[in-house]
Amino acid sequence: MSKKVIFVAFAIEDERMRDFLKGQSLLTNCPFEYIDMSVKEAYESDWKSKVETRIRRSDGVIALISSNSLNSSGQKWEVACAQKEGKPVLGMWAYTNDRTKPDFMAGYSIVGWSWDGIKKFIEGL
């Protein structure tokens with residue numbers, strides 16, 4: 001099976017969790033693989049068109065959800081862009097003790113962070 005291309009939408013305050021998700025996929029016993037299209041550094045200008053291009057090239061989007069998501073206009077826009085582009089979105093809580101449900105995730109399921117959940121989403125793309 002070829003690797004799927006995934007865009008990871010996250011609040012900048014949760015950058016370490018995005019890094020952890022990517023690191024998890026590199027472990028030898030990890031049941032999933034993907035190509036990470038998330039933004040590594042903030043764009044200075046025209047960021048929306050650059051992010052839109054990345055989302056358009058992706059097979060799906062994983063949105064890391066936390067209380068930080070409530071005030072993340074960038075993450076909200078990324079999820080809206082994914083919806084506009086018809087990309088499947090998996091909401092995944094970034095922390096075990098935070099079950100925030102932002103309005104922009106209405107209509108999407110949000111699951112706990114687990115290898116099986118990620119694998120099922122990626123294999124379903």
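Visitor: Before we start, what should I know about the model and its numbering?

Guide: It's a predicted model, where local features need pLDDT of at least 70, side-chain atom pairs count only at pLDDT 80 or more, and totals for chains, interfaces and linings use all residues. Residues are numbered from 1 along each chain as its sequence is written, and side-chain values use heavy atoms, leaving out hydrogens and water.

Visitor: How many helices and strands are there, and in what order do they run?

Guide: Helices (H or I, at least four residues) and strands (E, at least two) are DSSP runs, numbered from the N terminus. Here you'll find 4 helices and 5 strands. Starting at the N terminus, the order is β-α-β-α-β-α-β-β-α.

Visitor: What share of the residues is buried?

Guide: Buried means under 20% relative accessible area, exposed means over 50%, and partly exposed is in between (1.4 Å probe, protein chains only). In this chain of 125 residues, 44% are buried.

Visitor: What share of the contacts joins residues 24 or more positions apart?

Guide: A contact means heavy atoms within 4.5 Å. Take the contacts with a separation of 6 or more: 74% of them are between residues 24 or more positions apart.

Visitor: Now, how many salt bridges does the structure hold?

Guide: Side chains of opposite charge can pair when their charged atoms come close. For a salt bridge, a side-chain nitrogen of Lys or Arg has to be within 4 Å of a carboxyl oxygen of Asp or Glu. This structure has 7 of them.

Visitor: Which residue does Arg56 pair with?

Guide: Arg56 pairs with Glu52, at 3.4 Å from N to O. Both sit in helix 2 (residues 47–56), 4 residues apart, so about one turn of the helix separates them.

Visitor: Is Glu52 buried or exposed?

Guide: Glu52 is buried, at 16% relative accessible area, while Arg56 is partly exposed at 42%.

Visitor: And which residue forms a salt bridge with Glu85?

Guide: That's Lys84, with the closest N and O atoms 3.8 Å apart. Lys84 counts as exposed at 58% relative accessibility, and Glu85 is partly exposed at 25%. Glu52, Arg56, Lys84 and Glu85 are linked in a network of salt bridges.

Visitor: Where do Lys119 and Glu123 lie?

Guide: Look at helix 4 (residues 115–123): they are 4 residues apart there, about one helical turn. Lys119 is partly exposed at 28%, and Glu123 is partly exposed at 41%.
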